[in-house]
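Biologist: Please put the structure up, and I will ask about it piece by piece.

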Amino acid sequence: MQPSAAQVGVRVSIRLHDPAGGFRDILGILESENTVRKKDGSLITFDTAKIAAWKIVPSK
């Protein structure tokens with residue numbers, strides 16, 4: 001399962017399979033189904049096929 005257009009604008013945590021092994025996490029605001037804006041303002045684009053898990057994170 002992956003985030004959809006319905007989650008755009010919410011804060012999410014996305015865990016991706018890392019090609020080197022293991023996982024890496026992205027935390028931020030979902031800008032599109034495959035883009036997250038991090039706290040520092042940078043945009044991270046990711047391959048939705050590499051999503052291991054994701055969830056909506058409540059705002060602070």
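Biologist: Leaving aside its neighbours within four places in sequence, which residues is Gly28 in contact with?

Modeller: This is a predicted model, where local features need pLDDT of at least 70, side-chain atom pairs count only at pLDDT 80 or more, and totals for chains, interfaces and linings use all residues. Residues are numbered from 1 along each chain as its sequence is written, and side-chain values use heavy atoms, with hydrogens and water left out. Contact means heavy atoms within 4.5 Å. With neighbours within four places in sequence set aside, Gly28 touches Val10, Arg11, Val12, Val36, Arg37 and Lys38.

Biologist: Is Gly28 buried or exposed?

Modeller: Gly28 lies in strand β2, residues 23-32; strands (E, at least two residues) and helices (H or I, at least four) are DSSP runs, numbered from the N terminus. Buried means under 20% relative accessible area, exposed over 50%, and partly exposed in between, with a 1.4 Å probe and protein chains only. The relative accessible area of Gly28 is 6%, so Gly28 is buried.

Biologist: What is the strand order in the open sheet?

Modeller: Strands of a sheet pair through backbone hydrogen bonds, either parallel or antiparallel. Two strands count as paired if DSSP finds at least two bridges between them. The sheet here has five strands with antiparallel pairing, and their order is β4-β3-β2-β1-β5.

Biologist: Why is one side of β4 and of β5 left without a neighbour in the sheet?

Modeller: β4 covers 43-45 and β5 covers 51-56. Each has a single partner strand, so one side is left without a neighbour, because both strands stand at the edges.

Biologist: Which residue is the bridge partner of Leu16 in β5?

Modeller: Strand β1, residues 11-17, pairs with β5 in the antiparallel sense over five bridges. Within β5, the bridge partner of Leu16 is Ile51.

Biologist: With which side chain does the side chain of Thr35 make a polar contact?

Modeller: Thr35 is in strand β3, residues 35-37, and its relative accessibility of 11% counts as buried. A polar contact is a pair of N or O atoms within 3.5 Å; within protein, one must be able to donate a hydrogen and the other to accept it, and residues adjacent in sequence count only if both atoms are side-chain atoms. At 3.0 Å, the partner is the side chain of Ser32.

Biologist: Which residue forms a salt bridge with Asp25?

Modeller: A salt bridge is a side-chain nitrogen of Lys or Arg within 4 Å of a carboxyl oxygen of Asp or Glu. The structure holds two salt bridges. Asp25 is partly exposed, with a relative accessible area of 46%. Its partner, at 2.7 Å from N to O, is Arg15.

Biologist: How far apart are the closest N and O atoms of Arg37 and Glu31?

Modeller: Arg37 is partly exposed at 32% relative accessibility, and Glu31 is partly exposed at 36%. They form a salt bridge, and the closest N and O atoms are apart by 3.4 Å.
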